[in-house]
Amino acid sequence: MQFKNFDIAAFLRDSWQKKPLFLKNPWTAWHNPIEPDELAGLAVEEGIESRLVIRSNNAWQLEHGPLPDDRFDTLGNKHWTLLVQAVDHYVPEVAALIEPFRFIPNWRIDDVMVSFAAEEGGVGPHFDQYDVFLIQGAGKRRWQVGGHCDENSPLMPHDELRLLADFEAEENFVCEPGDILYIPPGVSHNGVAMGEDCMTYSVGFRAPSRSDLIGHWADDLLAEMQDDDRYADPELAIQSNPGEISSGALDRLHAMITEKMGDRQAFARWFGQYSSTPKYTEMDWQPEQKLAPQELREKLQQGVPLRCNPASRFSFIRTDAEKLLLFVDGQTMECTGDAIPFAEILCAEALVTMDEPFAISDSTINLIVDLYNRGSVAFEPLD
């Protein structure tokens, strides 16, 4: 599915991280990518993150999956919502929803959460710390959009749900199948299902906090540091007061930190690995049988295209005209020669048809074999 009526340049200029935007069915043709029963089936599986939110009067209850097979038979027909995270990892039709949003860089894309709500179901008034596109898949949902919130906004007393205690709606939207509501970070919102079989797809985008970046970057640096790399002052001079920490000592101490923390090239390589690490690292997507280079060449000669694993993350950093660093699932691969244009295409397209001259080069073949054997790419079956 693609957009037919969406001005991307105007959206980035006027709305992205600035204000909410309602889009009335901008698709060339909309169809709901997953049925409720299939979503419920994912919620009972081990290893798939799911939640059940139930409202009873003014009380909210949260249950974490995997849910028992018969749990949905006991819920009734009102006031509950099922949420399943990263459905794009398991359902190709849901993964396809991300493609129209590729005007946002790959490293910012998180996943597609899918919710199914009974009549009057919802998760309560809240705000997120990231951008989200809320796509109505089936049924109707009324969205109320409020003002900006932050860590000082009062919350309802609940151990796990971060629900706003003082929510006031400023705008109201009724989303029907295919409609999209964009919500910037920090903007409060509340969605309530109107009728039965309400399905919503949340395409979310990551926004690392400063504390996360500093903490994880420092952890990575610490792992490589030697214990004998210590402060030294061979030109120490007599001070008038031994209690003073001199400006010279502070300069040397500060430089010990900033010289390491300020290494941009090292940070770039680390961030490529960090941002491409899979969300669910316990999942193993490796094929049962490894692939050899000659087998790959035979597949390519047959015209079999490659599909990127929806659970994998692809991005790259161009170091110079001669080399490119490809980051896939937390791993760094140095690409040169013909492997460079292949890596660029791999990061831009979910389905790659290997009909370019560089596809037969040894460097490209070796790169594809590595990615295939890791489970990051697979062959798309021919019709």
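Visitor: How far is the sulfur of Cys-198 from the closest cysteine sulfur?
Guide: A disulfide is a pair of cysteine sulfur atoms within 2.5 Å. For Cys-198 the closest cysteine sulfur is in Cys-175, too far for a bond. The distance is 9.1 Å.

Before we go on, this is a predicted model, in which local features need pLDDT of at least 70 and side-chain atom pairs count only at pLDDT 80 or more, while totals for chains, interfaces and linings use all residues. Residues are numbered from 1 along each chain as its sequence is written, and side-chain values use heavy atoms, with hydrogens and water left out.

Visitor: How many disulfides does that rule give?
Guide: Under the 2.5 Å rule, the count has a plain result: zero disulfides.

Visitor: Is Cys-175 buried or exposed?
Guide: Buried means under 20% relative accessible area, exposed over 50%, and partly exposed in between (1.4 Å probe, protein chains only). Cys-198 has 0% relative accessibility and is buried. Because Cys-175 is at 0% relative accessibility, it counts as buried.

Visitor: Which residue stands opposite Leu-52?
Guide: Strands are DSSP runs of E with at least two residues, helices are runs of H or I with at least four, and both are numbered from the N terminus. Two strands pair if DSSP finds at least two bridges between them. Strand E2 (residues 50-56) and strand E4 (residues 80-84) pair in the antiparallel sense over five bridges. Opposite Leu-52 stands, in E4, Leu-82.

Visitor: Which residue in the turn between E2 and E3 has a positive phi?
Guide: E2 and strand E3 (residues 59-64) run antiparallel, joined by six bridges, and Ser-56 stands opposite Ala-59 in E3. They form a hairpin with two residues between the strands. The turn residue with a positive phi, about 60 degrees, is Asn-57.

Visitor: Which residue's backbone oxygen lies 2.8 Å from a polar atom of the His-126 side chain?
Guide: His-126 sits in the loop between strand E5 (109-117) and strand E6 (132-148). With a relative accessible area of 14%, His-126 is buried. The backbone oxygen 2.8 Å from its side-chain polar atom belongs to Gly-124.

Visitor: Is Ile-245 buried or exposed?
Guide: Ile-245 is in the loop between helix H4 (210-224) and helix H5 (247-261). Its relative accessibility is 59%, so Ile-245 counts as exposed.

Technical notes. Polar contact = N/O pair within 3.5 Å; in protein donor to acceptor, adjacent residues only side chain to side chain.
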